[in-house]
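Thanks for asking me to have a look at this one. Here are my notes, meant for someone opening it for the first time.

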Amino acid sequence: MATPNIRDQAYATGAGFQNEGLRERPVGVPVVPAANKVEIDDSKLKRKGKDEFDYESIIAPLLFTFLAFFTRLYKIGQSNIVTWDEAHFGKFGSHYLKREFYFDVHPPLGKMLVGLSGLLAGYNGSFEFKSGDTYPPEVNYTFMRIFNATFGALCVPLAYYTCKEMRWTKGATWLVTLMVLCENSYATISRFILLDSMLLFFTFTTMLCFARFHNLRRESFTPQWYAWLVLSGLSIGCVCSVKWVGLFVTALVGLYTAEDLWNKFGDLSIPIPTLFIHLVARVVGLILIPTAVYMANFYAHFTILNHSGPGDAQMSSLFQANLKGTDLTDAPLDVAIGSRVTIKNMGYGGGLLHSHIQTYPDGSGQQQVTCYHHKDSNNDWFIYPPRNHADYDPTSPDLRFPGNKDVIRLIHSQTGRNLHSHAIPAPITKADWEVSSYGNLTVGDEKDYWQIEVVRDSISNDYSKIRTLTTAFRLKHTVLGCYLRAGNVNLPQWGFKQIETTCVKENKPKDTYTHWNVESHWNDKLPKADVSSFKSPFLWDFLHLNVAMMTSNNALVPDPDKQDDLASLWWQWPILHVGLRMCSWDDNIVKYFLLGNPVVYWGTTASLGLFGVAFLVYLLRWQRGCKDLTKEDIDEWHYHGFYPLIGWAFHYIPFIMMGRVTYVHHYYPALYFAILVFGFLFNFFCKKLPTKVGWIVYGITYAVVIGVFILFIPISFGMKGPASQYAYLKWTNRWRIA
């Protein structure tokens with residue numbers, strides 16, 4: 001490693017040329033004035049033997065990449081059944097091939113790539129991907145798995161080059177690369193049609209860009225600097241477009257960027273216009289480009305999925321009206337008394353007004369009213385007049401059209417009960433009144449009455465009628481004066497995790513969660529309307545879908561009434577307390593068990609604690625005036641030690657606070673950062689050992705990591721026959737291998 005010069009040390013630590021002693025503990029040693037600095041010939045320090053050729057930088061990554069593809073692809077097609085979450089993501093890929101709109105809690109990039117793998121494999125999207133089903137001959141599932149496994153395999157050379165950018169020794173670089181290569185959980189999860197290999201791949205690319213861009217910090221505004229800034233933005237956009245977990249590595253890059261800009265702001269030698277250019281470059285590269293990539297994926301998502309499908313109800317009515325094959329375009333335009341309708345909430349992520357025979361466990365005990373994101377006959381309501389008006393006669397040719405300020409009743413089509421509210425607190429949002437279904441056509445009271453307040457109409461200024469799809473309106477309770485509202489609060493399991501629907505006391509006309517529109521409409525007395533020309537703005541659809549994804553993700557909480565043998569808790573992951581059975585455990589099934597390499601897991605978890613202990617020791621000795629660390633050492637701890645540690649914390653701690661159900665694979669991005677911390681400690685301390693001793697330490701570690709990986713390789717390549725023959729792998733009773 002070349003000796004760092006004074007200029008490099010100053011910039012790397014954030015110190016200017018006038019304050020080289022910024023991070024030193026003053027112990028009576030005079031600081032050398034800047035005027036007395038010794039000039040060093042940079043060209044001599046940077047010069048390396050021109051005749052030397054670094055064969056290792058060519059051979060090592062090629063060898064690691066070959067081994068990565070072997071460990072990820074070997075016997076990849078021997079299990080011909082739909083395994084674990086292939087039932088979800090394979091099905092989502094099918095929707096892209098059939099161009100049917102669907103809904104999922106994850107952004108679309110990974111699933112579009114799954115669809116691409118099916119397209120390249122010659123698959124037509126007809127298979128249903130039911131869990132445990134056998135793949136038919138026309139589905140080339142092996143190719144689709146190979147496509148996914150490629151992302152997992154490429155993580156290995158990415159880890160190698162990231163360590164190279166961190167200027168680690170060969171021993172430490174090989175160690176980190178081997179740990180990624182020989183991590184059984186990475187090898188296993190990469191072999192199936194899942195999103196995790198893609199998430200890991202883009203997490204790894206983001207860290208490589210992070211390390212490379214840091215190395216170019218003294219070459220600002222060069223073509224290479226701009227190129228890696230743009231690549232960083234593209235990588236961030238991609239990782240966030242696979243899963244929202246990508247926001248954690250984005251936060252890590254954001255933290256580094258904020259620190260870097262702050263250091264530059266404190267460097268008085270940098271002119272203000274140059275600082276402004278630095279700021280603008282980062283805003284464009286690390287905010288605008290990722291945002292554009294993220295939004296472009298949703299634009300492609302909407303463009304491809306232009307046919308009606310199972311996820312229609314998650315979107316706005318106008319969006320659905322423009323899907324091919326939808327029945328919304330066959331509806332009458334003007335809504336009349338006696339019409340059967342579905343009523344859509346217009347808030348972001350809003351669902352359809354819904355009721356079912358189940359009752360509230362507390363409060364009134366009456367029939368529940370919710371919002372539901374799927375099409376169902378329990379979403380249908382009849383529009384009736386109040387009881388003090390002329391009754392609706394289905395045999396009469398006369399038509400009455402409710403409009404602004406008119407009072408109506410809504411009758412649930414399946415149970416015949418009235419939409420009702422009363423002065424009883426809502427089940428979750430206690431500040432609002434409960435909304436229920438009560439009575440029937442003849443039994444009821446004035447609390448069944450709702451006044452229409454038109455907010456807007458996209459095709460007309462005439463508010464004397466309610467129009468299908470285009471009219472946004474509010475429903476005001478005539479007795480309580482409250483407004484029907486459906487926010488993004490999920491009911492408990494007794495309410496099937498559906499959206500709580502309440503009557504809010506505050507009158508906020510701009511609250512879109514109190515806005516509703518008629519979506520589906522049936523009335524044989526009325527002519528059909530052509531609404532295909534009504535377009536829904538992309539930005540509105542983009543925001544609407546993202547809020548719906550967030551709402552549904554928050555609803556994925558553990559069900560206390562059910563036992564989930566696959567779920568696990570956050571504290572179990574770092575200590576490898578549990579694994580996960582990915583399929584049936586029958587003797588005639590090729591079985592896969594999602595479990596990490598014990599040496600990698602336990603070693604990296606221990607390294608997190610050792611890092612803290614080592615830092616504390618150095619800190620105490622620094623306070624006592626000891627000079628254990630040079631400026632170069634401090635920078636190495638800062639950028640190559642603390643940032644991976646923070647990356648681990650960013651990817652791990654949020655799962656401690658999340659209320660949603662969690663599984664072992666949620667730890668896999670955090671594991672990579674723990675591996676980097678482990679590699680940092682080896683790199684830092686082994687450099688201080690005699691060369692032979694250091695290589696002995698590395699050699700032993702390599703052998704143990706590889707040996708344990710090979711020992712546990714059946715859980716990755718597939719276990720045939722009775723599980724009892726693999727009992728030797730059951731090191732703890734919590735590992736349900738046998």
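**Notes on the model**

1. To start with the overall make-up, the chain has 19 helices and 14 strands. Both are DSSP runs numbered from the N terminus, with helices being H or I of at least four residues and strands being E of at least two. Keep in mind that this is a predicted model, where local features need pLDDT of at least 70 and side-chain atom pairs count only at pLDDT 80 or more, while totals for chains, interfaces and linings use all residues. Residues are numbered from 1 along each chain as its sequence is written, and side-chain values use heavy atoms, with hydrogens and water left out.

2. On dimensions, the C-alpha atoms fill a box of roughly 100 × 70 × 45 Å along the principal axes. Of the chain's 738 residues, 54% are buried; that label means under 20% relative accessible area, with exposed being over 50% and partly exposed in between (1.4 Å probe, protein chains only).

3. Now for contacts, meaning heavy atoms within 4.5 Å. Among those in the chain with a separation of 6 or more, 75% join residues 24 or more positions apart.

4. Helix α7 (residues 170-181) is worth a look. Its 12 residues reach 16 Å from first C-alpha to last, close to the 16 Å expected at 1.5 Å a residue; the expected span is 1.5 Å times one less than the number of residues. Because 10 of its 12 residues are buried, α7 is largely enclosed by the rest of the structure. Gly171, Thr173 and Met179 are among the buried ones.

5. Where does alanine 331 sit? You'll find alanine 331 in the loop between α13 (317-321) and β1 (340-345), and it is buried, with a relative accessible area of 4%. Leaving aside residues up to four places away in sequence, alanine 331 touches Thr468, His521, Lys528 and Ala529. Leucine 576 is another matter: it lies 245 residues from alanine 331 along the chain, and their C-alpha atoms are separated by 56 Å.

6. Arginine 99, in the loop between α4 (86-98) and α5 (109-120), has a positive phi near 60 degrees without being a glycine. Arginine 99 is partly exposed, at 35% relative accessible area.

7. Leucine 469 is not a glycine either, yet its phi is positive at about 75 degrees. This leucine 469 belongs to the loop between β8 (450-457) and β9 (471-477), and counts as buried at 3% relative accessibility.
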